[in-house]
Amino acid sequence: MIYHNSIFYPDDKESLLSLVAPIERKERARAAIVPHMDARKCAPFYRSVFSCIEDGMRIVALLPLHRPPLSSDSAFRLFESKTSEETPLGSVNVGTFGLRDGSAYDEEEYSRELILPFAAYSTPSSELHFIYTYLKKSKDMKELQHFLSSVDDGNTFFLISSNMTAKLPKDEMSRIKAATIDAILSKEHLMDLWQKGKTGACATAEIESVRAVLKGRWELAGEREEDESCGHACFIMR
């Protein structure tokens, strides 16, 4: 179900087209990190990422929950939003891996909806999987890595939604953002740095898990210079 149209992204076809196009096809990639924020401000990052996804590739989106799961879901760490969607730019085919139903989180977490118009326009033949995650411990990361390994078939693209910091005073935000970008580009243990408060990516465990499973390195595809209270950047893994 659609909840956040006209709030975080426009809901009419003409305005959406101005955000998602043009897509200039580039070298195929394996994974990416994109921010969650108003689509009008981050659309260039999404266009850059979708230019590296071949139409027909399976797309697995990892979307961190920003609050603890419902009490009925407390024993689980991975959840699926399973509803296929119709957008002004066309339909999006949403698949399922049989994980815990996560549709209850669709209304609160808008990161899923930011992806929909780009997928409808650029990868209409692709099957998308929206996986909400709540990972706080090393055993949670191992569970995610096991899952990622089981679905990594050579034709799957992993798309992580993550900001570089929470909302912070500008000077602190700039410092944490820079440290987070440097850590993602390095081979450091990201969870250690995040748990010590030295970095701030909300999808730290997901970012490190994808790197471990794909055995690749993140490349910085861009960062927002206009950030005032929350840090944003985009990465690609080829």
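Start by selecting D73, which sits in the loop between β2 (58–64) and β3. Strands here are DSSP runs of E with at least two residues, helices are runs of H or I with at least four, and both are numbered from the N terminus. Before you go on, note that this is a predicted model, in which local features need pLDDT of at least 70 and side-chain atom pairs count only at pLDDT 80 or more, while totals for chains, interfaces and linings use all residues. Residues are numbered from 1 along each chain as its sequence is written, and side-chain values use heavy atoms, with hydrogens and water left out.

**Stop 1: around D73**

Is D73 buried or exposed? D73 counts as buried, at 5% relative accessibility; the cut-offs are under 20% relative accessible area for buried, over 50% for exposed and partly exposed in between, with a 1.4 Å probe and protein chains only. Show what D73 touches, not counting residues up to four places away in sequence: F79, R100 and Y105. Contact here means heavy atoms within 4.5 Å.

**Stop 2: the aromatic rings**

Two of those partners lead to the next stop. A search of the whole structure finds 5 aromatic pairs. Rings of Phe, Tyr and Trp (its six-membered ring) pair if their centres lie within 6.5 Å; planes under 30 degrees apart count as stacked, over 60 as edge-to-face and the rest as tilted.

Select F79 and Y105. Their ring centres are 5.4 Å apart and their planes stand at 55°, so this pair is tilted. F79 belongs to strand β3 (residues 78–81), whereas Y105 lies in the loop between β6 (100–101) and α3 (111–122), and the pair links distant parts of the chain, 26 residues apart. F79 is buried, with a relative accessible area of 0%, and Y105 is buried too, with 7%.

Y132 is in strand β7 (residues 127–133) and Y105 in the loop between β6 and α3, so the pair ties together parts that are 27 residues apart in sequence. Y132 counts as buried, at 0% relative accessibility.

For another group of rings, pick Y46, F50 and F118, which form one aromatic cluster.

**Stop 3: α1 against α3**

Colour α1 and α3: they pack at an angle of about 80°, with their axes 10 Å apart. The axes are lines fitted to C-alpha atoms, for helices over the stretch in contact, and angles run from 0 to 180 degrees between N-to-C directions. The two helices are therefore roughly perpendicular to each other; that term covers 65 to 115 degrees, while under 35 counts as roughly parallel, over 145 as roughly antiparallel and the rest as oblique.

Which residues make the contact? From α1 come L16, L17, L19 and V20, and from α3 come P117, F118 and Y121. They divide into 7 nonpolar, no polar and no charged. Nonpolar here means Ala, Val, Leu, Ile, Met, Phe, Trp, Tyr, Cys and Pro; Asp, Glu, Lys and Arg are charged, and the others, Gly among them, are polar.

Move on to P22, in the loop between α1 (13–20) and β1 (31–34). The peptide bond from A21 to P22 is cis, with omega near 0°.

**Stop 4: α4 against α7**

Now show helix α4 (residues 138–151) with helix α7 (residues 204–214), which pack at an angle of about 45° with axes 9 Å apart. That makes α4 oblique to α7. Select M141, L144, Q145, L148 and S149 on α4, then A205, E206, E208, S209, V210, A212 and V213 on α7, to see the contact. Its residues divide into 7 nonpolar, 3 polar and 2 charged.

Continue to K215, in the loop between α7 and β9 (219–223). Phi of K215 is near 55°, a positive value in a residue other than glycine. K215 counts as exposed, at 73% relative accessibility.

**Stop 5**

Finish in the loop between β9 and β10, where you will find G231. G231 counts as buried, at 0% relative accessibility. Leaving aside neighbours within four places in sequence, G231 is in contact with N163, M164, T165, M173 and K177.

H232 lies in that loop between β9 and β10 (233–237) as well, and counts as buried at 6% relative accessibility. With neighbours within four places in sequence left aside, the contacts of H232 are P35, H36, M37, N163, M164, K177, E223, R224 and D227.
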